[in-house]
Amino acid sequence: MTNIPANVIEYIQSMWMAEMILTYLHIDKQGCLIDWGGYPQHYGLTTLVKDKSVVEQVDFLDGFLDVTHTEVLQYLNIGGNRCINAHIVPLDDGIYVLLFDVTDEHDRQQKMQQQVNELSILTYRQSQLLQELEATRITLSKEKQQLEQASKLKSDFIATLSHELRTPLTSIMGYTKLLDDAKQADEYESNYLKSVKKNANHLLSLIDNVLDQTKLEIGQIKLHPNNCNIKQLLTDLKVLFLPIAQEKGLLFDIIIPNNLPVQLIIDELRFRQILINLITNGIKYTDKGFVEVNITWQNERLEFIVTDSGPGISSESQQKIFTAFHRENTANHLPGVGLGLTISYHLVELMKGQLSVESSPQFGSNFTGFIVADSVQFANASNVQINHTNIKVLLVDDSIDLRSLIELYLENDGYTVMTAGDGQEAIKLALQTKPDIILMDMQMPILDGYNAVQQLRDKEFTKPIIALSGSNIEHDRDYAFKVGCDKYITKPIVPEDLLNVISKITKQ
Amino acid sequence: MAMLQKKICMIGDFSVGKTSLINRFVREAYSEKYLTTVGVKIDTKELDLTNGNKVKFILWDIAGSESLTTTTVSYLRGAAGFLLVVDGTRRPTWDSALNLRQEVKKQIGDKPFVILLNKADLKEQWEMDKQVLEEKTKQGWKLLATSAKNGMNVEEAFLELALLMST
Ligand SMILES: Nc1nc2c(ncn2[C@@H]2O[C@H](COP(=O)(O)OP(=O)(O)OP(=O)(O)O)[C@@H](O)[C@H]2O)c(=O)[nH]1
Ligand SMILES: [Mg+2]
C-alpha cells in the first residue's frame, strides 16, 4: 500500500473501514488502467491489463471517467457472487476506484426488501380480488333483481289471465246448469251438455290450480279458518267421488272415526281442496282395485291417509312428486298439468302439517298427511225457509250474460231484482230505490265496484253489499272489505251458495 | 477499432420483470422464482445491428422502485438510453413508469427509451387499457408487449432501443 497517496488513506480512514483489505484501480487522465491492488478477481475482474483503456475492461466505469468529485455506486454486482460499493475518486494524477465488499449487508437488505415486495404484491392481488368479488356481487344482485321482477311479472300476468278466464266460465257453467235443469233436452243434447259441463269444470280446476300455484309462489295465499262441519265435508266428498270411482270399476270409501268432532276450525275450502287433489289423483292413476281415505283425530291433529292400489311411484319420482309441474311418466295420456300435489303440499304446510308419500310398484301408493286444527262445540243452526218476496236486490254487473243468469236465480227464489250495468248507474238506482242488499261486481267500466261501494257508504247507504269478483287475490279481497263490502264472493258463482249468503245476510 | 459500447438502464417498479428480461436476452434463461434486485447488476451483451455494425450493450439492471432514490440516481450517469418496464398485470406499475420517465429526464436529459409492457403471456390478468396505450403511441412513444417467460419481443425490444439510440 506504499504508493497510495496520503489523502486517499485519509479518505479510507474517514470511512472507518481502514481494517478492510482494500481493492483499488488507478486510472490515468487518458482513461488507461495504470495499476491495481487487492483482489479485483473477487468481483469478477479477472483479466485486467495495464496501460489499456479501462472502460473496455471494467464495464461499469463507462460514463464515470469524467467525474469532478467523488461518486459512490452502492451495491454493485459486476459478476462473480460478491457485491461491492465502488467509490470513484478523481485526483490530480487520475482516478482511483476503491472497491469495498458489502456482500453481507447486501444480502441482509435483499432479504428484507424481498419480504416487503412480496407482501406488497400480495396485498395488491387481494384488493383486486376483492374488487372483482364486489363487482360480481353487484352484477349478481342486479340479475337477481331482474329475475325477481320477471318472475313477479309472470305471476301477475298468470293471475290476471286466470281472472279473465274465470269470468266467462261463470256464465258458461251457469247457463249449462240452467239448460240441464230444464231437462227438456233430447239424448244428444243432454250428452253435449254433459260434455260442456265436464270440460268447463276441468278448465276451471286447471285455472284454479295455476292461480293457486302462482299465489303460493308469491306468498299470497292466506288461510281463512272458520267453523267447519268436518263430517259433512267428508260425507260430501264421498258422495262426490263414489260415482266417479264406480265408473272406473273401483272401490271407494272414506272412513270416518267416531271420535271426530262435529266441528273443527279450519279453512274448509283449502282442506277440501287438499283431499280433492289427493283423491282425484288416486282415482286417476288406479285402473284396478280401490282408493280409500282413512281419517283419524288425535291430539288436535287431523290425520288423513289416501291409499290406492295403483301402479305405484318409483323412489326417484317420490322425491320430485311435490315439485310444481312434475308429472308421472305413466300420466302422459291423462289430463292435468302437475300442480295438484304441489299445491296440496304447500297448503298442508300452511296448516302447520305435513304431507308425505310412500309407495312401491306392487302395493300402490300411500299419501299420508296431517293438519293441526282446533275443535269447537257444535252449534245447532237450522235453515228455515223464508219468504223473500219483500226483499229488494240490486244486482250490478257489466256482463249482460251474468246479470241475466243471476237475475234468473234470484227471481226463482222469490227476490225482487233490479239491475245496473256499471257503478254510476248502481249508485243512482240504489239511492232512488233503497234496495235491501246489493250484489256488486267489482270490475266494471265507467265506475268500478270498489269506487261505487265507497261512494255509497259515503252517502250513508247502510244496507249489506256483497262483492262479486273474478279475483281471489288476497289484496283485492281486503280492499273490498276496506271500502265497505260485507261479503266477498269469487266467480264462478255457485248459485246455491250465493242464495244462501243473501238469505243469511238479509235475515240478520 | 474498439467496438461501439452503449450503456442501457432497466428502469421500472419492483417485480415488473427487469431482471427476467435481461436473463432472457443475455442467457436465454427464465425462472418463475422472484428474487428482488438490491442495488444494481451489470451484464453485457454484444449484438449485430441491422446496418452491419456491432454494438456492446452494458446493461444496468437497477433495483425496482416507483421513484428514483439517491442510490439509483447515481447509476444513471452515462446511460445512452433506457427500457421502461411495466407489469401489464399491475396497473399501478404503469403510473410508476410515467413518473420514473419524468425523473430520469430531469437527471440525464431526454434519452431514448422504449416502454415494455411485460408479462404479456398473462392475458387473463391484463390490466392495461388500450386507449391509454394508443394515446402514448400517438405521441411518438415506442411501446412493446413483451414476455420474459416465453421470449416474445424481448430481443426486438433491445434492437428497437438500439435503433432509437443510433438516430
Ligand atoms: N408470467 C410472467 N412472469 C414474469 C415475466 N417476467 C417476469 N416474471 C416474473 O415476475 C417476477 C419478478 O420478475 P423480476 O425479473 O425479478 O422482476 P424485477 O423487475 O427484476 O423486480 P425487482 O428486481 O424487484 O425490481 C418473477 O417471479 C418472474 O418470474 C413474464 O414475462 N411473464
Ligand atoms: Mg430485478
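# Notebook: chains A and B and a magnesium site

**Entry 1. Chain B, overall.** I counted the secondary structure of chain B and got five helices and six strands. The model is a predicted one, and I keep that in mind throughout. I then turned to contacts in chain B between residues at least 6 apart in sequence. Of these, 72% join residues at least 24 apart.

**Entry 2. Chain A, overall.** Chain A has 508 residues, and buried ones make up 42% of them. For contacts in chain A with a separation of 6 or more, I noted that 62% are between residues 24 or more positions apart.

**Entry 3. The magnesium ion.** Which residues coordinate the magnesium ion (ligand 2)? I found Thr19(B) and Thr37(B), each through its OG1 atom, at 1.9 to 2.1 Å. Thr19(B) sits in helix 1 of chain B, residues 18-27, while Thr37(B) is in the loop between helix 1 and strand 2 (40-48), so the pair ties together parts that are 18 residues apart in sequence. Are the two threonines buried or exposed? Thr19(B) has 29% relative accessibility and so counts as partly exposed. Thr37(B) has a relative accessible area of 18%, which is under the 20% cut-off, so Thr37(B) is buried.

**Entry 4. The interface.** I moved on to where the chains meet. On the chain A side 29 residues are in contact with chain B, and on the chain B side the number is also 29. The area buried between the two chains is about 2,400 Å². Carbon and sulfur atoms give 53% of that area. How many salt bridges cross the interface of chain A and chain B? The rule finds three. I looked up one of the salt bridges, in which the side chains of Arg77(B) and Glu71(A) meet at 3.5 Å, N to O. I also logged 20 residue pairs in polar contact between chain A and chain B, with both residues at pLDDT 80 or more.

**Entry 5. What chain A brings.** Next I asked which elements of chain A supply at least two residues each to the side that touches chain B. They are strand 3 (71-77) and helix 2 (103-182). Helix 2 of chain A gives the most, with 12 residues. By type, the residues on this side of chain A divide into 11 nonpolar, 11 polar and seven charged.

**Entry 6. Gln110(A).** I picked out one residue of helix 2 of chain A, Gln110(A). Gln110(A) has 12% relative accessibility, so I record this residue as buried. What is Gln110(A) in contact with, leaving aside its neighbours within four places in sequence? I found Leu35(B), Thr36(B) and Val38(B).

**Entry 7. Pro5(A).** Pro5(A) lies in the segment before helix 1 (6-14) of chain A. At 24% relative accessibility, Pro5(A) is partly exposed. I also checked Pro5(A) against Leu91(A). These two are 86 residues apart in sequence, and their C-alpha atoms are 9.9 Å apart in space.

Key:
Residues are numbered from 1 along each chain as its sequence is written. Chains are lettered from A and ligands numbered from 1 in the order in which they are written. This is a predicted model: local features need pLDDT of at least 70, side-chain atom pairs count only at pLDDT 80 or more; totals for chains, interfaces and linings use all residues. Side-chain values use heavy atoms; hydrogens and water are left out. Donors are N, O and S atoms within 2.8 Å of the metal (3.2 Å for Na, K and Ca); water is not among the atoms, so sites may look incomplete. Helices (H or I, at least four residues) and strands (E, at least two) are DSSP runs, numbered from the N terminus. Buried means under 20% relative accessible area, exposed over 50%, partly exposed in between (1.4 Å probe, protein chains only). Contact means heavy atoms within 4.5 Å. Buried area is the accessible area (1.4 Å probe) that two parts lose on being put together, summed over both. A salt bridge is a side-chain nitrogen of Lys or Arg within 4 Å of a carboxyl oxygen of Asp or Glu. A polar contact is a pair of N or O atoms within 3.5 Å; within protein, one must be able to donate a hydrogen and the other to accept it, and residues adjacent in sequence count only if both atoms are side-chain atoms. Ala, Val, Leu, Ile, Met, Phe, Trp, Tyr, Cys and Pro count as nonpolar, Asp, Glu, Lys and Arg as charged, and the others, Gly among them, as polar.
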